Amino acid sequence: MTGDRGGAGILWVRAHWVFAGLAVVSVLVVLGYINLSPRVESDFFFSRDDPQLRASVEIDSTFPSPQQIIMRVQGPNIAAPAYLSTIGILTAELNEVEGLTGVHSVTSEADASGSPMWSRLLLPKDGQATNLILLTDGTDPEVLVPRVEAVVEWLRSAEFDVRMSGVPYVVELIRRSLFRDLLVFSVAAVCVFGIMIAAVYRNWLVVLGTLTACVAACTLTISIAHLLGIAIGLMTANIATIVFVLTLSHMVFITSNWHLSVWRAPAGIDDPVGTAVRLTMWPSFWCMFTTLCGFLSLLIASARPLRELGMAGAVGTVTAAAVAYCVYPAFLRAIPKRRGADQWQASLGRIESRLPVSNPTRWLLAFAVVAVLCGLGVRRLSTDPGLLSYFARGSELRAGLEAIDHDGGSSSLNVVVRDTKGERIDTDGVDSKMSQLQEMLEADSSVGVVLSPVVLLADARRAPLAMLLSRSQLLDLMESPRLNSIALSFVTESRDRGLFFARMRESGRAEAREDAIARVGGYVQQAGLEVVLVGGQYDLQAQLGRLIGDSLRIGMSGLLLLFVAVALVVSRSGRVTVAMVASLAAIPFVILGALGHFGVALDIIASPAANVSLAMGVDSMIHLAVRARREARTESNAWQAWLNAREQLWRPILGAALIICAGFGIFSLSAFPPTQRFGLAVVLGTITAATLALIALPFGAAAVGGRR
């Protein structure tokens, strides 16, 4: 028997080095064979089969028009021959770029200042710059935008100020920010997490084991997601950090129970690691189950990024638990059993003596007041942030987008209209109504450039002998292939519907997009027309904001209802369940309410922060409730049982909170504001969850259940 034990010990000693080596290999495989460049869609986070996109898809198919990149070029004197010569050279060079089907500028369009269409598109009202309109053929922005940037690079050295906007350019900027954060902060998170784990546990094998398991879980999740066809996208760009946290959560409690098994367990137990695994597995299962259900609930969301996060998160949740229990114990088995016993006991008593142990009513009242005050801010929380909020204030990129936005808007809104009486677009009566609508739209401060059949016809009448043609004949002429069928971009062949294309302003927007769209609909009705379809990026972002709000309400409510059942199972007490659910419910109120009070918008990238924090709170409370029930078997006083449970678990709860806050705190250094908001919300939620678990839950259980 002794020989068998010795052989098994040698195998376990070797096993932890094998796992560490496999983790390194898995990282190399992921970096070498999986495309980690995030995918950001031009339809602003929806897939082509999403119901929210149907109107935009129908508009695009009915009124075909290529996507555009808007380039603003400011020079010393835009009226000088040297400036116009430079624009001419730039136009010619851009026409040679693969992926562009055409370039419109003040040099390519004769008498642009006298054209109703080109004056709107090419000549900003401030008179300090001119625009170039670049028509694309659908080439991937990741490929096209660098080609365009390479062409205009020489202008920057010639004291020209060049700014760009348009969907392809914005999509590429978001992708670059996500990719930079994915690489930089994944590495930084590993370093910071490692330092904090070392500071908390002071054992190099624990550090190596936690990092090995976390890295293995992350790479395995990314690999499985890749096999399932889930690419790195807008939401899944942060999946590595989320899985890192989920894996770490299991291991901190395994480590805590291992310490207890080594230093506080009855004599005769010669397998403290096995004992720790058995003690931790039951509450860990329910922690995994609640987190898994939280991610699976995202699969019913309409926005594709949320569905992708739901699937990737579900894979990561199961993977994190499996790796934590399969890999990490091998590292614990390699640690001498009694190392650091005196230090552990001393620090335990020192910290525990500073935790509140009396006056539960006062503490519970304080927590309730904080939760209510924060909860008042939930109604002020915005899930409809401006497009410019995706870029850091004061940065060169945002300054350029703001300049173009100020000139003529940066987010497209497409409104298809028809006459309420069913008359054709090319009749006098309907033309008059559309002219009235054009004037009302251009008078609205939230609307920039507006193109419509009215502008198209006004521009066509500038041609020689055009005054001799009727509206119908002009539209017939502009529908011909010789003129690139430009009329079909604004009027249907049957002439029963027309398109108003507006570029909406994002700078300084205080109202919700839905309110602005509703006001535009009111203009249509005032003009005697009716809205047939509404689409474009502005509308899609409005719908996305509504979906984020719905997801938060449904997701949080569903998780809390699910947690009622889980709390009953793990605590087997209705009174304790009430205390657990009440404590857990306070977490999203504190997070979302605080963001609302401080005016921090919750974009789609930051929205999962509440779920991550809620999962952390669930873990702590489940482990604490299970331990309190176990202590109650030998402790006649229920209050003392909770104190004993807290004495045993304060270290993993606070340790995990400290590590997570440090790891997500580095997101505040990101140049991508949504990543900053995500990190801020997770840190706030983690602090709240740890505080509620250690103070509010024990006092709540005592107050509800009675202190004996």
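Helices (H or I, at least four residues) and strands (E, at least two) are DSSP runs here, numbered from the N terminus. Take Ile-70, which sits in strand β1 (residues 68–74). Residues are counted from 1 along each chain as its sequence is written. What you're looking at is a predicted model, where local features need pLDDT of at least 70, side-chain atom pairs count only at pLDDT 80 or more, and totals for chains, interfaces and linings use all residues, while side-chain values use heavy atoms, with hydrogens and water left out.

Back to Ile-70: its relative accessibility is 6%, so this residue counts as buried (buried means under 20% relative accessible area, exposed over 50%, and partly exposed in between, using a 1.4 Å probe and protein chains only). Ile-70 is 51 residues from Leu-121 in sequence, with 9.1 Å between their C-alpha atoms in space.

**Spaces inside and at the edge**

Lining residues have an atom within 4 Å of a point. Grid points are joined across faces, edges and corners, and the volume is the space filled by probe spheres set on the points.

Searching the whole structure turns up nine cavities of 30 Å³ or more. The largest cavity holds about 290 Å³ of space. It is lined by 23 residues, and the closest to its centre are Gly-294, Phe-295, Leu-559, Asn-611 and Val-612. Helices α8 (239–263), α9 (272–296), α10 (304–333), α18 (537–571) and α20 (609–632) each put at least two residues into that lining. The biggest contributor is α18, with six residues. What classes of residue make up the lining of the largest cavity? There are 17 nonpolar, six polar and no charged residues (Ala, Val, Leu, Ile, Met, Phe, Trp, Tyr, Cys and Pro count as nonpolar, Asp, Glu, Lys and Arg as charged, and the others, Gly among them, as polar).

The second largest pocket takes in about 970 Å³ of space. Its lining has 41 residues, with Leu-381, Ser-382, Thr-383, Asp-384 and Ala-601 the closest to the centre. Two or more lining residues come from each of α13 (396–408), α17 (513–526), α18, α19 (574–597) and α22 (673–705). By class, the lining of the second largest pocket splits into 19 nonpolar, 10 polar and 12 charged residues.

**A helix with a bend**

Helix α10 is worth a look too. It has 30 residues and spans 43 Å from its first C-alpha to its last, close to the 44 Å expected at 1.5 Å a residue (the expected span is 1.5 Å times one less than the number of residues). At Ala-324, α10 bends by about 30°, the bend being the angle between axes fitted to the seven residues ending there and the seven starting there. Of the 30 residues in α10, 24 are buried, so the helix is largely enclosed by the rest of the structure.

**Salt bridges**

There are 21 salt bridges in the whole structure, each a side-chain nitrogen of Lys or Arg within 4 Å of a carboxyl oxygen of Asp or Glu. Here are some of them:

| Pair | N to O distance |
|---|---|
| Asp-419 and Lys-433 | 2.7 Å |
| Asp-444 and Arg-519 | 2.7 Å |
| Arg-677 and Asp-603 | 2.7 Å |

Start with Asp-419 and Lys-433, whose side chains meet in a salt bridge. Asp-419 is buried at 2% relative accessible area, and Lys-433 is partly exposed at 21%.

Next, Asp-444 forms a salt bridge with Arg-519. Asp-444 lies in the loop between α14 and β6 (447–451) and Arg-519 in helix α17, so the pair ties together parts 75 residues apart in sequence.

Then there's the bridge between Arg-677 and Asp-603. Arg-677 is in helix α22 and Asp-603 in the loop between α19 and α20, 74 residues apart. Arg-677 is buried at 14% relative accessible area, and Asp-603 is buried at 0% relative accessibility.

Technical notes:
1 Å grid on protein atoms, 1.4 Å probe; cavity = no way out; pocket = protein on both sides within 12 Å on 5 of 7 lines; lining within 4 Å.
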